[in-house]
Every structure is written in C-alpha cells, then in structure tokens.
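Biologist: I am new to this structure and would like to learn how to read it. Could we go through it feature by feature?

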Amino acid sequence: MLLQAEHVTHYFGGLCAVSDFNLNLEHGELVAIIGPNGAGKTTIFNLITGVYHATQGSIRLGDVELVGKTSNEITALGIARTFQNIRLFKELSVIDNVRIAQYGQMKYGTWEAMFHLGGYQTEENRSIENAMNLLEVFKLDSVADESSKNLPYGMQRRLEIARALATHPKVLLLDEPAAGMNPSEIGQLMDFIRWIRKEFDLTIILIEHQMRLVMGICERINVLDFGATIATGVPKEIQNNPRVLEAYLGEGAEV
Amino acid sequence: MSTAEVLLSVQDLDISYGNIKAVKGISFDVHEGEIVTLIGANGAGKSSTLRGISGMVPYHGKISYRGKDLHKTAADKIVAMGVAQVPEGRGIFGNLTVLENLKLATWQRKDKVEIARDFERVFTIFPRLKERLKQLGGTLSGGEQQMLAVSRALMSRGSLMLLDEPSMGLAPVLVREIFHVLREINQAGTTVLLVEQNANMALRVANRGYVLETGTIALSGTASELLGNPRIKEAYLGG
Amino acid sequence: MATIPLEGTTWRTRWKARWDGLMAKRWMLPVLLVVGFALSFAIPQFNLVNQYVQLILIYIGINVILTTSLNLVNGYMGEFSVGHAGFMSVGAYISAILTTQLLPKALLPYLFPLEVLAGGLVAALVGLVVALPSFKTRGDYLAIVTLAFLMIVKSVFENIEAVGGPRGIPGIDKLTTLPWTFFWTILAIWVIRNFVYSRFGRGVLSIREDEIASDLMSVNTRQVKLQAFVISSFFAGVAGALFAHVLQFISPRVFDIIKSTDILIMVYLGGIGSIAGSIIGGTIYTVLLEILRPLGMWRMVLMPLLLVILMIYRPRGIMGLREFRWFVPLHDLIGTKLWRRKKEASDAPAS
C-alpha cells in the first residue's frame with residue numbers, strides 16, 4: 001500500500017467538509033475523485049498535502065503518518081500537486097518556478113548560500129541543468145527565461161505539472177488538469193498523463209469533471225457528495241450507478 | 001448571418017505579453033442579438049481577445065462598441081456602457097459574502113423588481129449558491145466560485161456579455177444547465193460573446209463562431225457550418 | 001525581439017544599447033570595487049573632497065546597508081517590517097557601550113570591526129526573537145509586531161540608567177572611517193545578493209508570490225523566513241554600529257519610527273526586490289536630503305511629494321523587481337543559454 005487514508009474527517013467550524021473518507025492506493029495506480037461542485041474534492045487534496053490538518057483519521061504514505069506534518073515535509077516525502085486555479089509564482093521566470101521546487105533536494109546550507117562556498121556552485125549548475133532538462137520534456141525550454149505570467153494558459157498548466165515533478169514525487173495529485181482544455185487537447189492530455197505516469201514512475205490521483213478523461217484513463221473512481229463517498233468502483237460501474245447519475249452526471253448523460 | 005446592427009467590432013487586434021504575441025491582427029464583428037463564440041486551442045488568443053475588449057490589457061488595433069472607439073476607455077467605463085463579463089480568474093471578492101458579491105453586480109441598476117427576479121433566476125440555476133448566501137466568497141470551492149462569477153455576470157444585465165469559459169470547473173450536470181441559461185438570456189435580448197473550450201456545447205448554442213489558431217482567425221462561419229466541418233470535428237470536437 | 005515599438009524611442013534604444021554594452025563588461029565590477037576601496041583610503045588621506053562630503057559618503061554607505069537589508073524582508077519576501085530602526089539601535093547601543101565603557105581606549109581602532117560584528121550579532125539574535133512568534137501567522141501581523149518591538153526597544157533604552165536613559169550615550173569615539181564603511185557596505189550587499197541567488201533566496205521570492213504554493217513545492221517557508229529576517233536584522237545592527245561611531249552621540253530618540261520610515265522610503269524609492277534599487281534608493285535619498293537642506297522645513301514637504309509622484313509613475317520604485325546584470329551570478333544569467341548551446345552541439349552530429 002503506497003498511500004492510505006482511513007476514516008478521514010474534517011470540519012470547517014461547524015461545517016463537515018469531509019466525512020469518513022477512505023482511500024487505498026497501490027503503487028502505479030491512477031485513481032479519480034469526482035463529484036458535484038463543493039463536494040469536498042479539493043479539501044481532500046488539501047488534507048493529504050498538509051494545507052489542512054484532518055480533524056480525525058489517518059493518512060499514511062507507506063508507513064509514515066502525514067496528519068500533523070507541514071506541507072513542505074509532506075512534499076519532501078514524495079507527494080506533489082497542481083492547483084485547480086493555477087498558482088504559479090507569476091512574477092518569476094519559468095525556470096525559477098521549477099528551481100524553487102528543487103529546494104528540498106538541494107543540499108547546501110545557509111553559510112554556503114551567503115558566501116557562495118562549498119557545494120553552492122556545483123549544485124546551482126546542476127539545478128539549472130535539471131530544470132532545463134525537465135522543461136525540455138514539457139516543451140517549455142524555449143520560454144525558460146520568460147515571466148511565467150506571460151505564458152499562455154495551456155503552457156501555464158504544463159508548467160505547473162513540471163514544477164510539481166521537480167520535487168521528485170511518488171504520488172502526484174492533479175486538481176482538474178483538463179480545466180480550460182478543448183476536447184482534442186483533452187485527448188492529448190490523456191496520453192500525456194499516461195506517459196508521465198510511466199516515465200516518472202508515478203501514482204496519480206486526479207480530480208476532474210471531464211468524464212471522457214476520467215473514464216478513459218482512470219482505473220478506479222471515487223465519487224464524493226457532501227463530503228462523503230457515495231460510490232467507488234471501476235469506470236463501468238460508476239457510469240451506471242443511479243446515485244452518481246442523479247447527483248453528478250445528470251439524466252441521460254453521454255459519457 | 002444576422003443583418004442586425006453591429007454591436008461590437010474588432011479590427012486588426014494585436015496583443016502581446018512580454019515577448020510573446022498572443023493575438024496577431026484579428027478582426028470580427030458581433031451583431032445585436034447574436035451569440036458568437038470564439039473557439040480554438042489553448043494559447044490561440046481567445047481569452048486575450050476578451051481581455052482586450054474589456055480594457056484589461058493594452059492592445060493595438062481598433063475595438064468599437066456601438067460605434068464608439070474603446071481604445072482610450074477605462075475598464076470600469078466599458079462595464080458602465082453595458083459590457084458585462086466574467087473576469088479572468090473569476091474575480092470573486094473573497095472577503096465579501098455570496099450575497100454581497102451578487103449585490104455588487106447590480107449596483108448600477110435601478111429596476112428593483114427585475115433585480116429581485118434575477119436573484120430568483122440565479123438561485124434556480126444554482127441552488128447551491130442560495131445555500132451559501134452568508135458564506136464568504138473566498139471559502140467557496142472552485143466550482144462554486146465559478147457559479148458565483150457567472151451569476152454575477154448574469155445579474156449585471158449588460159447588453160453585451162463577455163463569457164470566458166463559463167463551464168470551467170463545473171460538474172457535467174451544471175455545464176448543460178449553464179448553456180441552457182445562456183440561450184435563455186440571449187432570447188431575453190442579451191448579446192453574448194462566448195469563449196469556450198467545450199466547443200461542442202458552444203457551437204450548439206451559438207449563431208456564429210470564429211476559430212482561432214495561434215493568434216489568428218483560421219476559420220469562421222455559422223455555428224452549424226462549423227459543427228459540420230470535418231476539420232473542426234477532428235481538431236476541436238474530439239473526433 | 002517582438003516587443004511593441006513605441007514612438008520616439010531612438011534616444012532610448014541608443015542609451016539602452018550603451019547600457020547593455022557596459023553591463024556586459026562584467027570585469028568592470030571587481031575593478032570598480034578595487035578602485036573604490038583605494039579611493040576610500042585616499043579620500044581622507046589626501047582630503048580629496050572636504051570633510052562634509054566625506055561625512056555624506058559615510059552616511060550613503062550606512063543608508064545603503066539599511067536599505068539593502070530591509071529590502072530583503074519588505075521587497076524580496078513581500079512582508080512589511082517597520083522595525084528596522086529598532087535593530088539598528090540594538091547594534092548602535094551594543095557597540096557604543098563597548099566603546100565607551102568596556103574596551104581599552106588604546107585598542108579601540110583595532111577592535112572596531114569586532115564591535116560592529118558584535119552589534120550585528122546581537123541585533124540578529126533580537127531579530128530571531130522577534131521573528132519566531134511573528135511568522136506563525138501571515139499578513140499585516142509582522143508590521144504590528146515590529147512596530148511594538150520598535151516601541152519596546154526605545155523604552156528599554158530610555159529606562160536603563162547605565163546607558164544614559166533618555167539622554168543617551170554621548171562622546172562616542174569617531175571610529176567609523178570611510179574604508180570601514182566601504183568594507184561593510186560591500187559585505188552587506190555581497191552577502192544579501194548571494195543569499196538572494198541561492199535556493200533560500202528563491203524560497204524568499206516564492207513566499208512573496210504565493211506562500212502556500214511555496215510550502216507545497218518543498219520550500220521550508222518557516223526556516224527561510226527566519227533566515228531572511230535574521231540576516232536583515234544583522235546588517236541593520238551593523239549599520240547602527242557604524243552610525244553610532246560617526247554621529248558620536250546616540251539616544252533612544254534617534255531610532256524612532258521616523259528613522260524606520262526613512263529606511264522604508266529608501267527601499268520603495270529605489271525599488272522592491274532589487275540590490276541595484278537599494279543602492280540607488282539609499283544614495284539618492286541621502287544626497288537629496290543634503291541638497292535640499294537649505295529649504296529647511298519645506299524639505300519635509302518636498303521629499304514625501306517626490307515619493308508620491310514616484311509611486312504614481314513607477315509604483316514599484318526606480319528598479320522594482322529588476323536588477324543590474326552585474327549583480328546577477330553568471331550561472332543565473334547565462335545558464336539557460338549555455339544549456340541550449342550544449343544541446344544544439346549534442347543534437348547536431350545526431351542529425
């Protein structure tokens with residue numbers, strides 16, 4: 001078991017945002033969380049990555065308990081994510097966006113940084129090299145020196161994934177990766193997600209409303225409504241589940 | 001093609017960000033009463049075009065609304081002239097409640113009765129928002145914020161509505177609802193310029209469409225022509 | 001370059017080309033440093049300029065240290081500290097006590113660098129104590145905490161009779177020389193610039209852009225914030241020590257909110273997030289204050305007015321978020337180009 005969430009419950013004030021959420025993720029799996037708007041999907045990502053601390057329950061990566069750890073510790077342990085509304089470091093260059101994500105892997109300390117001594121130079125050179133190699137994979141190397149805010153939307157989405165991968169994650173959480181993409185781009189995205197899963201040896205959880213993508217690439221689906229799981233299963237089961245049809249897909253949906 | 005009055009005219013529009021050219025000399029018209037959609041891949045320049053029209057980014061070229069040149073017009077004046085919009089990044093006021101966000105959209109309207117009816121209409125479309133009236137905008141989920149942004153544009157009742165991907169981040173059942181509403185408000189007299197990735201849905205509600213590719217107009221025509229075009233089918237409708 | 005051509009840019013483009021040419025000559029920076037250092041000895045030795053100008057040169061150095069160090073917190077990190085005068089006063093008092101009460105007079109000129117160092121270290125320690133609770137929350141909190149700190153420090157010094165209470169410490173030896181000022185100014189600029197162009201410095205920048213995203217990208221935001229604040233406080237203390245030994249008299253009133261405001265103005269005038277901006281801001285402000293001295297009271301009307309005008313036309317300051325290429329480490333400047341060239345070289349034989 002790579003990632004395991006058990007009985008995770010979270011309250012905002014008196015409002016129950018997630019109730020008794022469970023998830024078991026094996027190495028290499030690709031799982032989707034779907035559900036109506038406001039069902040608590042992003043909250044689950046925030047709980048896994050330490051942005052919020054679960055009120056109850058346990059989330060473990062391997063044997064390590066994640067609840068109570070800070071976000072940067074969790075990222076260093078191997079969980080990276082993207083955001084629904086892109087959250088790049090806008091004023092900074094494309095390459096710096098990626099290099100910031102290398103923070104946890106770079107080894108030199110404060111004194112070496114202040115006086116540019118010791119491992120500083122070799123590590124910085126390697127950081128640029130690695131960042132450019134990664135950007136090349138995502139076809140972003142030609143815009144490495146641009147401010148990330150100047151990139152068109154699709155490139156910003158790609159950069160967010162590249163930045164997440166720069167932290168060397170085992171588990172990648174994608175929050176609506178297909179938002180703002182047209183059907184043919186979604187087709188390419190599906191290939192792309194399959195490819196990075198293989199290439200970077202990833203286990204992926206994704207939140208998505210584009211059913212073609214969810215049904216096309218995910219092995220298992222977890223449907224949330226009002227913070228609770230209302231259905232789990234393989235795509236075929238979910239498509240025909242009456243509760244899911246009613247709460248989420250709509251009557252007579254073509255998926 | 002509609003013979004009605006030209007409401008919005010865009011000529012030789014150029015927009016750049018830093019060294020990146022987003023829009024390269026595009027021209028198109030939107031006539032009174034139409035739904036016109038801009039479709040195309042990411043980075044084709046659709047959103048930039050909308051931002052240019054609403055006065056949010058500097059541009060070269062000519063944009064006129066009801067015959068008036070918008071080049072020197074400030075963004076707030078453009079809104080006051082009747083151009084409503086769902087701004088970039090949803091533009092929710094995070095520290096105001098849902099109700100306050102909605103009320104702000106109606107601040108320049110005087111028709112109290114109509115406003116009340118619009119509130120009802122918005123709540124029928126998005127019952128979720130009614131449940132969250134007292135909640136702060138910033139604490140809504142992403143999809144709920146999108147509902148709020150679209151509702152706000154609906155409430156401001158402009159004569160031209162600029163919509164930048166209204167379906168983004170919404171559950172499938174709501175996506176269909178939104179397009180249904182779009183057609184309704186259009187029939188009630190609002191002209192719509194719609195940027196949408198969901199080209200399939202967009203072309204089904206639109207009268208005409210323009211296909212943008214890397215900052216230029218590659219193709220234009222009536223919605224049904226575009227829907228039937230095999231090239232469009234392959235490139236934007238997902239086969 | 002695909003930038004939009006603006007009308008009437010001929011002189012502008014010409015100057016830009018000339019400027020770029022100058023900035024490309026990186027060897028000039030060390031040469032200038034050596035020349036500057038030599039001059040800092042020569043000027044007082046041979047009285048190349050009069051005493052008054054020498055004094056102003058020292059103040060420019062001190063103000064540049066203050067500006068650069070505050071810029072680290074307020075510009076690069078995007079927090080808002082108003083306590084810089086407080087850290088300055090800690091450095092000033094520590095070093096002044098060492099000079100007037102503890103150290104043997106005869107050795108003072110030789111021990112001066114250690115006094116300055118001590119002033120900086122104690123200020124850094126105080127900075128750590130202030131930062132620990134303030135960075136647990138975000139937003140305007142730091143402004144309030146540092147404001148409170150400023151008032152506390154002032155009343156502490158006012159109430160300790162051993163350091164003169166409200167009367168302060170008079171008769172401090174004039175130990176701050178032009179060479180020492182030059183040395184500490186260059187050290188401050190160099191260390192802060194080094195820090196900014198390191199993994200921690202990039203962390204500082206990412207906190208300004210989006211702190212939550214920064215944390216999620218593995219940046220230890222808490223640690224990075226502490227580092228930046230402590231380094232900033234250290235150099236405020238250094239500047240305070242230099243300041244005490246040129247003014248030769250310090251009292252709690254010297255380090256009040258007005259002093260902090262002066263430093264803030266220099267930061268925002270020169271430009272946030274820029275070493276070059278800090279140098280320009282500190283220099284221009286110091287010089288302007290002196291040039292406008294004949295105006296008397298009107299100076300305090302004119303200066304804020306200038307600032308308002310600047311904020312309207314250049315809201316990020318003269319050099320906001322931009323940098324002289326001389327100050328950017330070579331690998332940051334041309335790393336991507338080198339990578340592309342290497343790539344082309346390795347691709348060429350393959351195809």
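Biologist: How many aromatic pairs does the structure hold over all chains?

Modeller: This is a predicted model. Over all its chains, the structure holds 25 aromatic pairs. One of them is formed by C:W180 and C:F183.

Biologist: How is such a pair described?

Modeller: A pair of aromatic rings is described by the distance of the centres and the angle of the planes. For C:W180 and C:F183 the centres are 5.6 Å apart and the planes stand at 80°, an edge-to-face arrangement.

Biologist: Where do C:W180 and C:F183 sit in chain C?

Modeller: Both belong to helix α7 of chain C, which covers residues 178-196. They are 3 residues apart there, so about one helical turn separates them.

Biologist: Which residues form an aromatic cluster?

Modeller: One cluster consists of A:Y103, A:Y108 and A:Y120 together with C:F195 and C:F200.

Biologist: How many helices and strands are there in chain C?

Modeller: Chain C has 14 helices and 0 strands. Its radius of gyration is 22 Å, close to the 20 Å that the globule rule gives for 351 residues, so chain C is as compact as a globular protein of that length. Along the principal axes, the C-alpha atoms of chain C fill a box of roughly 80 × 50 × 45 Å.

Biologist: What can be said about the burial and the surface of chain C?

Modeller: Of the 351 residues in chain C, 50% are buried. The accessible surface of chain C is about 16600 Å², and carbon and sulfur atoms account for 71% of that area. Contacts give another view: among those in chain C with a separation of 6 or more, 81% are between residues 24 or more positions apart.

Biologist: Let us turn to sheets. How are strands held side by side?

Modeller: Strands of a sheet pair through backbone hydrogen bonds, either parallel or antiparallel. Chain A has an open sheet of 6 strands with mixed pairing, in the order β6-β7-β8-β3-β9-β10.

Biologist: Which strands stand at the edges of that sheet?

Modeller: They are β6 (79-81) and β10 of chain A. Each has a single partner strand, so one side of each is left without a neighbour in the sheet. Neighbouring strands of this sheet are turned against each other by 20° on average, direction ignored.

Biologist: Which strands of chain A run parallel?

Modeller: Strand β3 (residues 30-34) and strand β8 (residues 203-207) of chain A do, joined by 4 bridges. Within this pairing, A:I33 stands opposite A:I207 of β8(A). Helix α7 of chain A (residues 183-199) packs on the sheet and touches β3, β7 (171-175) and β8 of chain A. The direction of helix α7 of chain A makes about 150° with that of β8(A).

Biologist: In what sense do β9 and β10 of chain A pair?

Modeller: Strands β9 (residues 220-225) and β10 (residues 228-233) of chain A are antiparallel, over 5 bridges. A:N222 stands opposite A:T232 in β10(A). The hairpin of these strands has 2 residues between them, and A:F226 takes a positive phi near 50° there. Helix α10 of chain A (residues 242-249) lies across β3, β9 and β10 of chain A and runs at about 125° to β10(A).

Biologist: What is the strand order of the open sheet in chain B?

Modeller: The order of its 4 strands is β2-β1-β4-β5, with antiparallel pairing. The edge strands of chain B's sheet are β2 (20-31) and β5 (68-69), each pairing on one side only. Strand β1 of chain B (residues 6-17) pairs with β2(B) over 9 bridges, and B:V6 stands opposite B:H31 in β2(B). Helix α1 of chain B (residues 46-53) lies across β1, β2 and β4 (60-65) of chain B, at about 115° to β1(B).

Biologist: Where is B:G45 found?

Modeller: B:G45 is in the loop between β3 (35-40) and α1 of chain B.

Biologist: Is B:G45 buried or exposed?

Modeller: The cut-off for buried is under 20% relative accessible area. B:G45 has 7%, so B:G45 is buried. Leaving aside neighbours within four places in sequence, B:G45 is in contact with B:A22, B:V23 and B:L212.

Notes. Residues numbered from 1 in each chain as written. Chains lettered and ligands numbered in written order. Predicted model: local features only at pLDDT ≥ 70, side-chain atom pairs only at ≥ 80, totals over all residues. Heavy atoms only, no water. Pairing = 2+ DSSP bridges. Contact = heavy atoms within 4.5 Å. Axes fitted to C-alpha atoms, helices over the stretch in contact; angles between N-to-C directions. Buried < 20%, exposed > 50% of the residue type's maximum accessible area, 1.4 Å probe, protein only. Rg over C-alpha atoms; globule rule 2.2 N^0.38 Å. Areas by Shrake-Rupley, 256 points an atom, 1.4 Å probe, with all protein chains shown as cover. Phe/Tyr/Trp six-rings, centres within 6.5 Å; stacked < 30°, edge-to-face > 60°.
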